[in-house]
Amino acid sequence: MTEVRETTGTGEANVVLRRAVATDAEVAAGVWLRSFAAALPTVVRPRSDDEVRWYFREVLVPQAETWVAEAPGGDLVGVMVLDGGELAQLYLAPDWRGRGLGDRFVALAKNRSPAGLNLWTFQVNEAAHRFYERHGFVAVERTDGSGNEEREPDVRYVWRPGRASG
């Protein structure tokens, strides 16, 4: 099992970032569902909760580079999915936002994709814009949402090494 342990001088240092295993899929999907609902209450999801759980169980965990944040006691409190040079998913349990876990996940993503990363986020998600820009990502494209399932206007961000990387 791949693990990333870091000491940051806070209680969150005891949270382990590790590759997801099959038994994590249901709980990781639950983190995604709670986080999406909290961060994006105006965005209509095209998939039911059961379809999201199926996708984590059958696609993301077994076929993608899926990482989870495991808190002391075993609770999963974050999930990140990398797909080559794309940061495809990054969601934290709502009560774990603002504790540095997103920073740790982005550092891990940059380490795993040293040539650069890209990602999409919704235009309404201003907190995500501030977060990614703080980490050196630059907005390079905005769309009307016609290319995503949610039909929600979005923005593509890119990070390349050598730029300010927060």
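Select Q89 and W32 first: their side chains are joined by a polar contact of 2.8 Å. This is a predicted model, and the distances on this tour are computed from it. Q89 sits in strand β5, which covers residues 86-92. Colour by accessibility and Q89 comes out as buried, with a relative accessibility of 18%, because the cut-off for that class is under 20%.

Keep Q89 selected and show what lies around it. Leaving aside residues up to four places away in sequence, Q89 touches V79, M80 and V81 as well as W32.

Next, turn to the charged side chains. Side chains of opposite charge can pair when their charged atoms come close. In this model the count is 10 salt bridges, and the stops below cover some of them.

Select R57 and E26. A salt bridge joins their side chains, with 2.6 Å from N to O. R57 belongs to helix α2 (residues 49-63) and E26 to helix α1 (residues 25-39), so this pair ties together parts that are 31 residues apart in sequence. How exposed are the two partners? R57 is partly exposed, at a relative accessible area of 36%, and E26 is also partly exposed, at 37%.

E58 is partly exposed, with a relative accessible area of 36%.

Now go to E149 and R47. Where do these two residues lie? E149 is in the loop between β7 (138-142) and β8 (154-159), while R47 is in the loop between α1 and α2, so their pairing ties together parts that are 102 residues apart in sequence. The link is a salt bridge whose closest N and O atoms are 2.4 Å apart. E149 is partly exposed, with a relative accessible area of 46%; R47 is partly exposed as well, at 40%.

For the last stop, select R18, D24 and E70 together. Which kind of interaction links them? These three residues are connected in a network of salt bridges.

To review the tour in one view, show Q89 with W32 for the polar contact, R57 with E26 for the link between helices α1 and α2, E149 with R47 for the link between two loops, and R18, D24 and E70 for the network.

Key
Residues are numbered from 1 along each chain as its sequence is written. This is a predicted model: local features need pLDDT of at least 70, side-chain atom pairs count only at pLDDT 80 or more; totals for chains, interfaces and linings use all residues. Side-chain values use heavy atoms; hydrogens and water are left out. A salt bridge is a side-chain nitrogen of Lys or Arg within 4 Å of a carboxyl oxygen of Asp or Glu. Helices (H or I, at least four residues) and strands (E, at least two) are DSSP runs, numbered from the N terminus. Buried means under 20% relative accessible area, exposed over 50%, partly exposed in between (1.4 Å probe, protein chains only). A polar contact is a pair of N or O atoms within 3.5 Å; within protein, one must be able to donate a hydrogen and the other to accept it, and residues adjacent in sequence count only if both atoms are side-chain atoms. Contact means heavy atoms within 4.5 Å.
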